[in-house]
Amino acid sequence: MSDPSSADRPKAKSVRPLASLLPFLKPYRSVLAWAMVALLLASGSMLALPVALKHLVDRGMSAGDADTIDIYFITFLGVAVLFGAFAAMRFYLVTWLGERVVADIRAAVYRNIVRMDPQFFEVTRTGEVLSRLTTDTTLVQSISGVGISIALRSTINLAGSIVMMGVTNLKLLGLILIAMPTVIVPVIALGRKLRKLSRSSQDRIADTSGLAGETLNAIQTVQAFTLEDLNVRRYDQAVEASFDIAVVRTRVRAWLTALSTTLVVAAITLVLWFGAHQVLADKMSGGELVQFLLFAVYAGVAAASLSEMWSEVQRAAGAMERLVELHHATPAILSPAVPQALPAVTPGAAAGRVRFEGVRFHYPSRPETPALDDFTLDIAPGETVAFVGPSGAGKSTTFQLLLRFYDPQHGRVLLDGIDIASADLHAVRSRIGLVPQDTVLFGASARENIRYGRPDASDAEVEAAAQAAAADEFIRALPEGYDSFLGERGLRLSGGQRQRIAIARAILRNPPLLLLDEATSALDAESERVVQEALEQLMRTRTTIIIAHRLATVLKADRIVVMDQGRIVASGTHADLIASNPLYARLAALQFNDRGTALL
Ligand SMILES: Nc1ncnc2c1ncn2[C@@H]1O[C@H](COP(=O)(O)OP(=O)(O)OP(=O)(O)O)[C@@H](O)[C@H]1O
Ligand SMILES: [Mg+2]
């Protein structure tokens, strides 16, 4: 009995993260209850086995007639069969529970991670998140099902065996209880050390996947710059670091196993020796010694597996701690509790009024340099405004704020007259269609990728959108047409083709506010003309902000806003600006190509 009580202190300390498993177990209370019943029944029948054996030895064997012997053997076999059946039931229920809980944890963590804001992903490597979703959950899986079962079963068996040993022979039990603390104390000390090592070991593994994920996602850049060796060296270092920690952990664990096993076996030997003398002195029957011995073996095995489980529990606690971190991470950008409704969009009427009001914004990682400063701009519904300016002027940043990936430090951003910080995040974003500067496609078919714009769109609508974006022709030329798999991140398409898919997506979405970030930059002149026509059609009925370096695009805008270093330096029509703004005149001369000038 000294084992569970003296193990109490470190248990309470290190098991705390595992308490967060409880909410995940709650929905499966009834399965848990049945698992407990099976557990108790299995332990009960296991504890009955030595008693049956004692009767077999003391009465059955000495009875002399075959029938009596048969009855005792049949009883013994019956108890054994019961034990097998209950153990199987326990195994099934408990494993089911573990798998179920881990599946739920995985889903819950992922559900939380997908709503995190860009800031979170700036400080957390995606590979690390992936590692936690797989490695850490696997650790928790081992504990939440089988581990808990072993721990409970061992505890019950240990307690039951000790009680039964007392019933069999008190003196012998007394001897064991005196020997026990010598087993427990060193085991606890080592166990503590192990827990610390487990956490850092898991951290190192997460490091390596983070590193690998990062480079594999950009493998062509790595190869183009011939950085393979450098990355291999870095990865090797990370792998070695994780190996070193694992070795230290394994060594401690090996000591733990050696120590606990040896000490337990030594204690049992002591008992055997003492018991043999008692049988010699006729103070105990042979059957009783056999029974006591079996219970002592049970107790020893239970104690050993408890101490072994202990390190497993500690590893799982470390893993759970980090999963809980991910599960409870809250995005910096949230919808307010009581969001203000955006005015309804009526068909035909132009919506998508935009207002930047004294906005000052710096990225969290760059507190010194504002990306936007003193930025005030009104865009009327239906208007088409072009943002031009040198690279790094803050053009894309305005889109980041409109989509509310970040909140400005000063000022407000309004959509249809409502401060987007006080509106529902999804309501705001669903009014916006974005064709980003670097198009991201998903590892799915062309059809699925376009459908991302509006998941409930029909096939016909998807194809119509593709036609409008001049994407229909090349998609049909793919091996399986619209159902062709585009490769991971759409790598099987050219840059211009990817861009047209992104435009088709925005067309399908049909939003009141369209944001085009150099949407046609990767297109050749012919496709650009086709896409341009489609976009013009689109722009006619909605508010559009275009970021563009090409004059042909800019000229179509109602108004041109020139930006530099996060500020608006001028705005007006092309003709006004050429005459009045030296920066624009220079951009027009340099960046806008000859074709553009020829259009003048
Ligand atoms: N995630 C980020 N974290 C920190 N700084 C950023 C981040 N994104 C952009 N910046 C910085 O903010 C400034 C404005 O960037 P922005 O992307 O808005 O420029 P841009 O006008 O779109 O340029 P380009 O024409 O090259 O696309 C730049 O100095 C840039 O380095
Ligand atoms: Mg940009």
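Phe356 has Val413 in strand 4 as its bridge partner. The model is predicted: local features need pLDDT of at least 70, side-chain atom pairs count only at pLDDT 80 or more, and totals for chains, interfaces and linings use all residues. Residues are numbered from 1 along each chain as its sequence is written, while chains are lettered from A and ligands numbered from 1 in the order in which they are written. Helices (H or I, at least four residues) and strands (E, at least two) are DSSP runs numbered from the N terminus, and two strands pair if DSSP finds at least two bridges between them.

- An open sheet of 4 strands runs in the order 2-1-4-5 with antiparallel pairing.
- Its edge strands, strand 2 and strand 5 (418-419), each pair on one side only.
- Helix 12 (residues 395-402) packs on this sheet and touches strand 1, strand 2 and strand 4. Contact here requires C-beta atoms, placed from the backbone, within 7 Å.
- The direction of helix 12 makes about 110 degrees with that of strand 1; axes are lines fitted to C-alpha atoms, for helices over the stretch in contact, and angles run from 0 to 180 degrees between N-to-C directions.
- Strand 1 (residues 354-361) pairs with strand 2 (residues 372-379) in the antiparallel sense over 5 bridges, and Arg355 stands opposite Asp378 in strand 2.
- Strand 1 is also joined to strand 4 (residues 410-415) by 5 bridges, again antiparallel, and Glu357 stands opposite Arg412 in strand 4.
- In a regular strand the side chains alternate between the two faces of the sheet.

- Strand 9 (residues 559-564) and strand 10 run antiparallel, joined by 5 bridges; the bridge partner of Ile560 in strand 10 is Gly572.

**Helix packing**

- The axes of helix 17 (residues 495-509) and helix 18 (residues 525-540) come within 11 Å and cross at roughly 15 degrees.
- Helix 17 and helix 18 are therefore roughly parallel to each other; angles under 35 degrees count as roughly parallel, over 145 as roughly antiparallel, 65 to 115 as roughly perpendicular and the rest as oblique.
- This contact is made by Gly496, Arg500, Ile503 and Ile507 of helix 17 and by Ser527, Val531, Ala534 and Leu538 of helix 18.
- Helix 15 (residues 459-468) packs against helix 17 at about 125 degrees, their axes 8 Å apart, and the two are therefore oblique to each other.
- Glu461, Val462, Ala465, Ala466 and Ala468 in helix 15 meet Ala504, Ile507 and Leu508 in helix 17.
- By class, the contact of helix 15 with helix 17 has 7 nonpolar, no polar and 1 charged residues; Ala, Val, Leu, Ile, Met, Phe, Trp, Tyr, Cys and Pro count as nonpolar, Asp, Glu, Lys and Arg as charged, and the others, Gly among them, as polar.

**Ligand 1**

- Of the 13 residues around ligand 1, Tyr363, Ser391, Lys395, Ser396 and Thr397 come nearest; a residue is near if its C-beta atom, placed from the backbone, lies within 6 Å.
- The shell around ligand 1 divides into 3 nonpolar, 8 polar and 2 charged residues.

Note on methods. Contact = placed C-beta atoms within 7 Å.
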